[in-house]
Amino acid sequence: MPYYQAWDEFARAAEKLYLTDPMKVRVVLKYRHCDGNLCIKVTDDSVCLQYKTDQAQDVKKVEKLHGKLMRLMVSKESHCGAMETD
């Protein structure tokens with residue numbers, strides 16, 4: 001399970017993975033204070049996407065993506081094209 005180096009690639013891959021089968025996807029956030037690392041993992045048990053950062057500006061990006069995915073998970077609208085509007 002390699003980590004993505006570029007945030008844009010990871011965000012696109014995570015959105016695509018979620019939109020393919022929303023019922024199987026899980027999102028995990030993990031923060032280690034001793035290392036100062038924040039990790040986000042998006043998986044559907046066959047594909048696992050991971051991104052790790054220790055930069056404060058990346059935390060806002062992770063929070064924004066996490067919020068988008070959570071809104072999609074609770075919405076009753078069609079999932080098609082919803083991520084492309086943001």
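**Exercise 1.** Determine in which strand Asn37 is found, whether Asn37 counts as buried or exposed, and which residues Asn37 touches beyond four places in sequence.

*Solution.* Asn37 lies in strand β3, which covers residues 37–43; strands (E, at least two residues) and helices (H or I, at least four) are DSSP runs numbered from the N terminus. The model is predicted, so local features need pLDDT of at least 70 and side-chain atom pairs count only at pLDDT 80 or more, whereas totals for chains, interfaces and linings use all residues. Residues are numbered from 1 along each chain as its sequence is written, and side-chain values use heavy atoms, with hydrogens and water left out. Asn37 counts as buried because its relative accessibility is 16%, where buried means under 20% relative accessible area, exposed over 50% and partly exposed in between (1.4 Å probe, protein chains only). Not counting residues up to four places away in sequence, Asn37 touches Lys30, Tyr31, Arg32, Lys52, Thr53 and Asp54, contact being heavy atoms within 4.5 Å.

**Exercise 2.** Identify which residues of the largest nonpolar core touch the most other members, and which element gives the most to this core.

*Solution.* The core (buried Ala, Val, Leu, Ile, Met, Phe, Trp, Tyr and Cys residues joined through side-chain atoms within 4.5 Å) has 17 residues, of which Trp7, Phe10, Ala14, Ile40, Val42 and Leu65 touch the most other members. At least two residues each come from α1 (7–20), β3, β4 (48–53) and α2 (56–74), and α1 gives the most, with six. Beyond its neighbours within four places in sequence, Ala14 contacts Val42, Leu49 and Leu65.
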